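Student: Hey, can you walk me through this one? I'd like to ask things as I go.
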Amino acid sequence: MNETAKLQLVIRDLLISSGQPVDVLEGESGGGTATTAGESTSSATAGGSSGGTHVMEIAALQIQLYSKLKDTKKLRAAYHRAQNARGGIPHPRTKALIEELGGKMHMSQRNFNDASQAFFQAFKSYDEAGDRSRLRCLKYLVMASMLHASSINPFDSHEARAHRDDPEIVAMTNLVQAFHSGDIKKFEKILKKNEGRIMDDEFVRDHVADLLRTIRTQVIMRNYACYTRVRLERIARDLNDILVEDVESLLVALILDGKLDGHIDQVKGILVKKSQRIDDGEKDPATNPAVGGEDMSVESRNLKSLMELTSALEHLTTMVSKVGGNTTSKSSSAAYQPVLQ
């Protein structure tokens, strides 16, 4: 009913009646919060299972309140108090609610790994309670795992596998498959058609831009690993005809993050990457037994061969440039460096 003022009074009365320090549980105290919080948790544990349960139930109310008010500081304090409560046996819905809102808190902080874990715990608790909200949390789990760029498919767990054929989840299953295969056209098609009502969820819509950025980054890193010079227009076409300016933004972010070693020639509209040495055993999985060894995939062997060929061509270019003299070295080098159109 959005009556947050009344809810605040109810929570305060509950805290007072249960003997808990109001200022600490609401996250209003300063440097002494940790010590008093520890004492409060200990007293709740000493009071038996009912004490810990009350702490978690009150914290669940606080988490809902602070999530509505978008008060991140108090939300974090209430979430950690619920996590640290000992001896409590809350209702599965209470635990699920705490973990779901905690996962959303982690998402707002772009801590996608912790968000995935929280959403998975929320999904299991909702499933235990027989609540249909489990499907909502499963969608959030899938989204967080993709934003985390995890190679683990969320539907590999037996709890999630049981729901993969649900009409609301089939679209998310297809979305995950498109993500892991790098099929960006299929990925965007599922979002645009709103299959399984994915885009009906406001929380999902708020993170669609991050999802698109993540898969586009993945496609760039996967498709152009063996090229040293690529036209930005070619990258834009491969990313489902996005703007060249958006491609530049993605590449700049990758370069600044250290994931891409190179620079952008804005005059010619070309990405110029520094060549990678194939004889560097630590960086090349094809030559590192600890990473690939003899059991490496066909794709890895093909990539190794392409990179060796590129290295050999660059060496040949250097030799030709030296023979041609210093005055023609730059022009010769440019002439012999292929650009992916």
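Student: Which helix is L309 found in?
Tutor: L309 belongs to helix α16, which covers residues 298-324. Keep in mind that this is a predicted model.
Student: Ok, and is L309 buried, partly exposed or exposed?
Tutor: Partly exposed, because its relative accessibility is 49% and exposed would need over 50%.
Student: Which residues make a nonpolar surface patch with L309?
Tutor: L313 and L316 do: together with L309 they make a patch of about 280 Å².
Student: New topic: the sheet. What order are the strands in?
Tutor: The order is β1-β3-β2, in an open sheet of three strands with antiparallel pairing. At the edges sit β1 (229-231) and β2 (262-265), each pairing on one side only. From one strand to the next, the twist averages 20°.
Student: What holds strands together in general?
Tutor: Backbone hydrogen bonds: strands of a sheet pair through them, either parallel or antiparallel.
Student: How many bridges do β1 and β3 have?
Tutor: Three, in the antiparallel sense, with β3 spanning residues 270-273. For R231, the bridge partner in β3 is I270.
Student: Which helix packs on the sheet?
Tutor: That's α15 (residues 244-256), which touches β2 and β3. The direction of α15 makes about 155° with that of β2.

How values were computed
Residues numbered from 1 in each chain as written. Predicted model: local features only at pLDDT ≥ 70, side-chain atom pairs only at ≥ 80, totals over all residues. Heavy atoms only, no water. Patch = residues over 30% accessible without salt bridge, like charges linked within 9 Å, V, L, I, M, F, W, Y side chains within 5 Å. Areas by Shrake-Rupley, 256 points an atom, 1.4 Å probe, with all protein chains shown as cover. Salt bridge = Lys/Arg side-chain N within 4 Å of Asp/Glu carboxyl O. Helix = DSSP H or I, 4+ residues; strand = E, 2+ residues; numbered from the N terminus. Buried < 20%, exposed > 50% of the residue type's maximum accessible area, 1.4 Å probe, protein only. Pairing = 2+ DSSP bridges. Axes fitted to C-alpha atoms, helices over the stretch in contact; angles between N-to-C directions. Contact = heavy atoms within 4.5 Å.
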